[in-house]
Amino acid sequence: MTRDPAIELKGISKAFGPVHANKDISIRVMPGTIHGIIGENGAGKSTLMSILYGFYKADKGEIFLSGKKAHITDSQAAIAAGIGMVFQHFKLVENFTVLENVILGAEDGRLLKPSIAKARRSLLELAADYGLNVDPDALVQDIGVGMQQRVEILKALYRQADILILDEPTGVLTPAEADQLFRILNRLREEGKTIILITHKLREIMDITDTVSVMRQGEMTATVKTSETSPAELAELMVGRKVLLRVDKTPAKPGAVVLDITDLRVKDEKGVERLRGIDLQVRAGEILGIAGVAGNGQSELLEVLGGYANGTGTIAMNGEKIDLTGKSSNGQSRRARGIAHVPEDRQREGLIMDFHAWENVAFGYHNDPAYRSGVLMNNAAIREDTTDKMQRFDVRPPDPRLAAKNFSGGNQQKIVLAREIERNPDLLLIGQPTRGVDIGAIEFIHQQIVALRDKGKAVLLVSVELDEIMALSDRIAVMFDGQIMGERLPSETDEKELGLLMAGITDTYNEHSVDEVQDNLAHVHAPEKGA
Amino acid sequence: MDIYLTLIQLLDSTVRLATPLLLACLAGLYSERAGIFDIGLEGKMLAAAFFSAAIAAMTGSVWIGLLAGIAASLVLSAIHGIASITFRGNQLISGVAINFLAAGMTVLIAQAWFRQGGRTPSLIGKARFEPITLPFAEAVQDVPFIGPLYYELISGHSILVYVAFAAVPLTWWVLFRTRFGLRLRAVGENPAAVDTAGVSVVGLRFAAVAICGVLCGIAGAYLSTALQAGFVKDMAAGRGFIALAALIFAKWRPWHALYATLLFGLFGALETRPDVIEAVSGIKVQGQLLAALPYLMTVIILAGFVGKAIPPRAGGEPYVKER
């Protein structure tokens, strides 16, 4: 190895106030390799990459590109130095065409026409070179997320990036689309590009990277060759202790039907039908997992069940019908019927971020006699109860007077879970239980869900993480475009089959091209961006 | 022929009344397309109206007056820009503050300078924009049909009217055919996309706010030095708000802004000519009702009865880099 590393960071430190996001980080990435950076949320991965991309300025430390010291003062300097970044939340203008997005900021002159013509030619070449086919004149809002991600990669390549940073690129993709992305990344590696892949998914690291660096609490704890490590070792390096990567659970013992949904239909405010005749049953003592790409009706399903959206059809809870018109039923009465709800977006629907933990724990259950003394709230009792729940759910720090926003994602989720599960509901609705939650907390949350099931309760789980669905569910239903495409048992299916169902393809025995999958997905409303 | 002439006259005053609305509407279009909501159009017009009239009265030159009006409007734009872009303040509150500032300040200064009860002296001669007679207008005025159309409607307006109408295709061209326009539209839709592409969000937004200031300045100057001869208290008379309604009606598109402001101009013209309505429809309409029409229309448009207007997605939100 006589070549200089494509990227070398020496002693990078960055603090936001008292928080040290990056502490003395050094890293070397050789050209033509894929280098993974793995770590829990808040470990400082994104901050480090934002420094490399000129979004933040490091407090200390130096950056060398191909052996030469680089002064990356802003994004423009990073782009000029040949660095391209694909952010987790795409930075695209939705009502612009693909071409307009590609040239934005890299136009060739004051007038658009020549720039557009040149970009059109370049895009054709890039499509041929790397298999990055995109319709240049399509509006970004009309194409699926997989395609939008291609546009982001094309933006970087159009700016002649030699170094490509991808931040959690597979979070929004179906398995088939993720495979396609990895093929593209492989191709880019063969062409000599250097790629940094930020992810929290161990499997992706093992599949595609050459080397991997692990970050924990702002520090780089290890850099190893991928071929010389294992998922278990990486998980331990990330969390700092041994973690169970598989969910430990016994076979389900399904009992009576708790939730019975027949022909459920929901229209959105534009009159578009978002749920198109859902039939589902959830039994006591089982976890029903709903798989699907975000935006295919899962959110609407949870909202109707949770009591804050209206629909038609019938929903029976323990044999009794629930009013779906919103006239005599709401979230409050749903809770009274034994339905607890851990919403998909905890920061918007599950918590009020500026309120204290104890206030958040009281929400929805504020009429509980134990929380009241006469017409007043018994705040002391609520705080005591909250401290108790926080301890049982290992919320750190267990301080009921801390505002919700001051807890980490995992601890916020534990507060919501504690509030709902401790009420001992007959049915738990839970959406994206571990979105933005670190590995250590994921393990705990999964155990709690399984424990509730083992107590003979019904659980309806919605998640876009197929791994999570596979690991937790006793039965899997796949949603696509507001319909259930099929039900499978986890033991009798695999990711490939589920992936096709998620794209609305029901004959899973034949081969299907990725383009077919993407075409299908693009016809559904573009998924909302996750929080 | 009589009805034809009346119609021409009606359209002629439509054009005159639409001009300040059109300029203000385009001003708002630049600002809002870049993601900065501006309800301070009214205040900027008012300040410009006063300063252009005042300076024109003092110097005797309407052109110096116009520059003073634009400068005054730019100062208010800068305040709005610093408050909402640099300090990421609330754009509505900043706009409201500018409106109050302009309403009070103009009368106060007018009284201090001229002692005429908050007015400027009447402008005469070179202190006012005079109508321009286009080539051959006199020659063709007796040609039937086309003659009056050219002489009355197309010719005989002040230079600012032609500036306003020329600004429409120019704005369209800038927005949709130039690099600056692409970036301007992008910054109003998703500033993060612009920022990560290595272009300054702050720079673009200030540029947009400055263009807005210049156009508002011309609109204000038109009010006091062309449409009328001098400044009077509150002479903007809600035109800034009507321009905002027109902007929504036009769905933030330049050509539609022209049509929308012409419609409002027509309402304004009808207000002065209830006799025309009576002659055409045979119904006698109360003058007050006609006077209320533009405002009623504004309410209807703002309530969203006229189709769904999707504003620029990042409009009204200060840009903060996310971690």
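I began with the interface: chain B and chain A bury about 2400 Å² between them, with 57% of that area on carbon and sulfur atoms. The model is a predicted one. I then looked up who takes part, and found 29 residues of chain A and 24 residues of chain B in the contact.

Next, the polar side. The rule gives eight residue pairs in polar contact across the interface of chain B and chain A, both residues at pLDDT 80 or more. On the chain B side, α7, α8 and α9 (191-196) each supply at least two of the residues that touch chain A. I counted two salt bridges between the chains. I noted E107(A) and R183(B), whose side chains form a salt bridge at 2.5 Å, N to O.

Then I turned to helix α4 of chain A, residues 112-130. I checked its length: 19 residues at 1.5 Å a residue should span 27 Å, and the end C-alpha atoms lie 26 Å apart, which agrees.

I listed the buried residues of α4(A): L112(A), S115(A), I116(A), A119(A), S122(A), L123(A), L126(A), A127(A) and Y130(A). Seen down the axis of α4(A), they fall within an arc of 140°, so they line one face of the helix. An α-helix has 3.6 residues a turn, so residues three or four places apart point the same way.

The face of α4(A) turned away from the buried side has exposed residues K113(A), P114(A), R121(A), L124(A), E125(A) and A128(A).

I looked up the packing partners of the buried residues of α4(A): α3 (98-103), α5 (145-158) and α6 (175-190) of chain A, along with α7 (159-177) and α8 (179-189) of chain B.

Key
Residues are numbered from 1 along each chain as its sequence is written. Chains are lettered from A and ligands numbered from 1 in the order in which they are written. This is a predicted model: local features need pLDDT of at least 70, side-chain atom pairs count only at pLDDT 80 or more; totals for chains, interfaces and linings use all residues. Side-chain values use heavy atoms; hydrogens and water are left out. Helices (H or I, at least four residues) and strands (E, at least two) are DSSP runs, numbered from the N terminus. The expected span of a helix is 1.5 Å times one less than its number of residues. Buried means under 20% relative accessible area, exposed over 50%, partly exposed in between (1.4 Å probe, protein chains only). The arc is that of the directions from the helix axis to the C-beta atoms. Contact means heavy atoms within 4.5 Å. Buried area is the accessible area (1.4 Å probe) that two parts lose on being put together, summed over both. A salt bridge is a side-chain nitrogen of Lys or Arg within 4 Å of a carboxyl oxygen of Asp or Glu. A polar contact is a pair of N or O atoms within 3.5 Å; within protein, one must be able to donate a hydrogen and the other to accept it, and residues adjacent in sequence count only if both atoms are side-chain atoms.
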